[in-house]
Amino acid sequence: MKKYFKLVLFMVVATILLAGCSGGRETLTVYNWGDYIDEDVIREFEKEFGVRVVYDEFATNEDMYVKINAGGGNYDVAIPSDYMIKRMIDEDLLHKIDFDNVPNYQYIDDQFKDLGFDPNNEYSVPYMWGTVGILYNKTMVDDPVDSWKILWDEKYSKQILMLDSQRDSIGITLKMLGYSLNTKNTQELEEAKDALIEQKPLVLAYVGDEVKDKMISGEAALAVVWSGDAVYMMRENPDLAYAIPEEGSNLWFDSMVIPKTSKNKELAEKFINFMTRTDIAFMNTDYIGYSTPHTEAKKQLDPSLMNDMAAYPAMEDLEDCEVFEDLSSSASVYDRIWTEVKAK
Amino acid sequence: MKLKWISYPYIVWMIIFILLPLFLILFYSVTYNTSEGLGFTLEYFQRFFEPIYINVLWRSFKLALVSTGVCLLLGYPMAMILADKELKNRNVMVLLFIIPMWMNFLLRTYAWMTLLERNGILNSLLGLLNIAPKDFLYNEGAVILGMVYNFLPFMVLPIYSVLIKIDKNLLEAAGDLGANSATTFRKIILPLSIPGVLSGVTMVFMPAVTTFVIPRLLGGGQFTLIGNLIEQQFLFVGDWGFGSAVSVIMLILILISMGVMGKYEKEQEGGGLW
């Protein structure tokens with residue numbers, strides 16, 4: 001009996017010691033896409049509010065969802081995309097935001113409010129928006145880049161970089177085939193799977209953020225990228241250009257939300273309000289190159305950027321573009337397709 | 001056996017960090033969620049036996065075996081050089097072998113990417129010799145190179161530690177009795193070094209067959225190995241059941257191969273780092 005008592009005692013002491021490691025200043029935990037903030041903004045928030053910020057990064061929406069759904073991380077603020085926000089609202093993973101604590105919300109352009117994934121705008125505050133398109137190196141590609149089909153052209157074998165992200169890669173394939181990128185039709189999805197498997201020998205690599213280094217240094221001719229990354233890469237290497245194919249593409253919105261894992265909702269709202277302050281919103285959009293929904297921050301940007309199709313396309317040009325919708329029960333079909341394409 | 005008080009921390013450690021996770025993996029691999037609670041299923045194991053996943057398993061074993069073979073071919077002579085008693089500065093040589101292991105494994109793998117790229121250092125050097133750039137990166141060769149580079153010390157060190165312990169009188173006796181150096185190697189050095197070779201093979205094969213970082217970085221995400229499959233199920237897809245089932249199958253395969261190895265090893269003197 002004594003033996004077990006000591007064992008229990010040891011476990012109790014160990015737990016207390018482990019739990020005692022935190023403390024001191026208030027902590028805010030932020031979960032954001034990799035390479036998606038001006039890090040000075042975090043330091044400024046820490047200084048101004050006297051708190052400590054723990055900053056974590058994810059590579060895809062699915063990655064983030066799995067972690068928050070498993071209850072890991074105690075995240076106070078996360079920045080997922082449209083369809084994932086819808087899914088998290090439906091699964092009751094998000095807190096409603098008290099907009100009285102986020103007065104800077106008034107600066108958000110009205111066309112980014114009340115979007116389909118959060119119709120009454122109760123759960124999210126827009127952070128950035130953009131499209132998915134093809135970034136190509138003008139010195140290596142002599143055909144016009146106006147269709148996703150160019151990514152299936154054998155002429156560019158081993159010169160193509162694809163996104164290692166299932167929703168985007170399956171989505172553009174569906175668009176190439178002329179289907180909706182939100183389809184739940186098994187026949188259409190099978191066709192997309194076959195097309196992706198057929199394309200695999202032509203692909204140089206399936207990449208995440210490495211795409212930036214690769215395209216800037218001219219390692220590949222064509223890459224599927226998000227518009228904001230395209231702006232950044234074109235700034236670094238003038239040989240690069242960005243195109244949204246005629247078949248249409250994905251129009252996306254990344255917004256700040258407060259997951260139910262948050263233990264300090266008030267501080268989370270302060271952070272969201274801070275991120276929506278004009279000077280901070282400007283710092284972020286200027287640094288990462290993505291398009292801001294913030295009216296005042298946009299005014300401060302270099303006027304030449306306004307005419308840049310990659311950064312601020314006119315909404316009427318995006319008619320063929322679709323916003324991702326939550327797939328609910330079909331999500332597992334997409335999971336399986338991507339697993340099979342990668343495993344082939 | 002009576003347990004001493006001092007061993008409790010280790011027992012607690014093993015329960016929390018070894019037994020509990022193993023139990024959880026097993027649990028997830030055979031259960032699924034329904035509205036009425038948990039149900040028992042073997043569906044995840046069944047799914048693994050679809051050709052596409054068997055192909056992944058086959059590819060993992062193939063690449064790991066090739067890497068282990070290359071490591072053995074490169075590592076055995078290296079261990080013999082290190083164990084040579086005529087060798088001066090042996091400690092420096094051994095140290096040179098170990099120092100790269102102090103650097104983070106990911107960093108070293110990233111460094112290979114810069115070396116092998118189309119506009120990388122290796123191709124620039126070839127360019128100076130007027131040789132057209134070659135694709136070194138993002139193929140099976142690059143993955144094998146990454147494995148051999150990262151795991152070679154795990155082959156050399158166990159063999160070295162066995163070779164260094166061989167009684168030099170045995171070699172002299174063999175010479176006195178008329179054996180030439182080839183016969184001495186075949187009849188004395190090789191049999192005596194088998195325990196070291198076996199632990200070297202195990203220590204290279206295990207990490208090689210389960211690695212997921214090397215194929216991701218050097219293979220460009222095109223060569224899904226068993227480790228990638230498991231990682232993908234847990235991190236991106238969230239199919240913990242299938243991920244756990246693959247892990248359990250992997251565990252069983254590794255246990256079997258260790259059992260086979262152990263059978264040989266029992267007859268010999270244990271050697272190396274185990």
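The structure is a predicted model, in which local features need pLDDT of at least 70 and side-chain atom pairs count only at pLDDT 80 or more, whereas totals for chains, interfaces and linings use all residues. Residues are numbered from 1 along each chain as its sequence is written, and chains are lettered from A in the order in which they are written.

Chain B holds 12 helices and two strands, where helices (H or I, at least four residues) and strands (E, at least two) are DSSP runs numbered from the N terminus. Its C-alpha atoms fill a box of roughly 80 × 70 × 35 Å along the principal axes. Of the 274 residues in chain B, 33% are buried, that is, they have 20 or more other C-beta atoms within 10 Å of their own, with C-beta atoms placed from the backbone.

Between the chains, 23 residues of chain B are in contact with 26 residues of chain A, a contact being two C-beta atoms, placed from the backbone, within 7 Å. The elements of chain B that give two or more residues to this side are tabulated here.

| Element of chain B | Residues |
|---|---|
| Helix H1 | 8-30 |
| Helix H3 | 51-83 |
| Helix H11 | 226-237 |

The largest share, five residues, comes from H11(B).

In chain A, A:Thr27 lies in strand E1 (residues 27-33) and touches A:Val51, A:Arg52 and A:Val54, not counting residues up to four places away in sequence.

Notes:
Buried ≥ 20, exposed ≤ 12 C-beta atoms within 10 Å, placed from the backbone.
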